[in-house]
Amino acid sequence: MAGTTWRKVVAYLKNPVTWKGLLYLFLKFPLGVGFFSVGTSFLAITISFLAAPIGYRFFYPEVWFTMEKIWRVDTLGEAMILFVVGALLLFVTLHLINGMAWISAQLAKALLDNPSDHSQEVLTEGEFSNQLKSQDDQE
């Protein structure tokens with residue numbers, strides 16, 4: 001019993017898919033943090049620009065171009081300009097989020113996809129458990 005367990009552990013450690021999965025996890029964390037930060041920032045800016053016509057009298061939104069150049073929105077016309085910019089920025093934000101999702105999918109496909117699995121048929125749960133039992137019986 002202990003010998004078969006040790007062989008399974010060694011086989012698992014020799015399998016390159018194990019190490020690809022580990023590399024995927026190490027790469028996914030910093031990418032996920034970056035994607036979350038960029039996506040959240042763009043969504044917050046977009047929503048605040050779109051809401052400018054509603055709350056410009058209460059919140060006095062400001063757009064900082066540089067530290068010295070600040071645009072304070074205090075009229076409905078200026079708030080409508082922000083709304084139009086926000087509507088355009090919405091499309092940019094959605095495409096940016098889709099692009100980040102595409103990058104994440106490509107990373108997963110490159111590191112987690114096993115080309116040898118494409119030639120095999122899909123097993124039902126019962127067939128899979130029967131296959132495992134037959135492998136255990138052979139050992």
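## Thr-93 and its neighbours

Thr-93 makes contact (heavy atoms within 4.5 Å) with Phe-42, Leu-43 and Thr-46, leaving aside residues up to four places away in sequence. Thr-93 belongs to helix α4; helices here are DSSP runs of H or I with at least four residues, strands are runs of E with at least two, and both are numbered from the N terminus. With a relative accessibility of 0%, Thr-93 counts as buried. The scale is simple: buried is under 20% relative accessible area, exposed is over 50%, and partly exposed lies in between, using a 1.4 Å probe and protein chains only.

Before going on, please keep in mind that this is a predicted model, where local features need pLDDT of at least 70 and side-chain atom pairs count only at pLDDT 80 or more, while totals for chains, interfaces and linings use all residues. Residues are numbered from 1 along each chain as its sequence is written, and side-chain values use heavy atoms, with hydrogens and water left out.

## The overall layout

The protein has 5 helices and 2 strands, and from the N terminus on they follow the order α-α-α-β-β-α-α. Of its 139 residues, 15% count as buried. Among contacts with a separation of 6 or more, 59% are between residues 24 or more positions apart.

## Helix α4

Let's follow α4 from end to end. Its 37 residues should span 54 Å at 1.5 Å a residue, and its end C-alpha atoms are 52 Å apart, so the two agree; the expected span is 1.5 Å times one less than the number of residues. Along with Thr-93, the buried residues of α4 include Ala-79, Leu-82, Gly-86, Leu-89 and Met-100. The cover over the buried residues of α4 includes α2 (16-50), α3, β1 (62-64) and β2 (70-72).

## Helix α2

α2 has 35 residues and reaches 49 Å from its first C-alpha to its last, close to the 51 Å expected at 1.5 Å a residue. There is a kink of about 25° at Lys-28, shortly before the proline Pro-30; the bend at a residue is the angle between axes fitted to the seven residues ending there and the seven starting there. Buried residues in α2 are Thr-18, Gly-21, Tyr-24, Gly-39, Thr-46 and Phe-49.

Leu-23 sits in α2 and is partly exposed at 42% relative accessibility; its C-alpha is separated by 9.7 Å from that of Leu-112, 89 residues apart along the chain. Phe-36, also found in α2, is exposed, with a relative accessible area of 60%. Phe-36 and Met-100 are 64 residues apart in sequence and 9.5 Å apart in space, C-alpha to C-alpha.

## The nonpolar core

The largest nonpolar core has 8 residues: Phe-49, Ala-52, Tyr-56, Val-63, Val-73, Ala-79, Leu-82 and Leu-89. Such a core is a set of buried Ala, Val, Leu, Ile, Met, Phe, Trp, Tyr and Cys residues joined through side-chain atoms within 4.5 Å.

## A charge over a ring

Lys-69 lies over the face of Phe-65, at 6.0 Å from the ring centre. To count, NZ of Lys or CZ of Arg must be within 6 Å of the ring centre and within 35 degrees of the ring normal.
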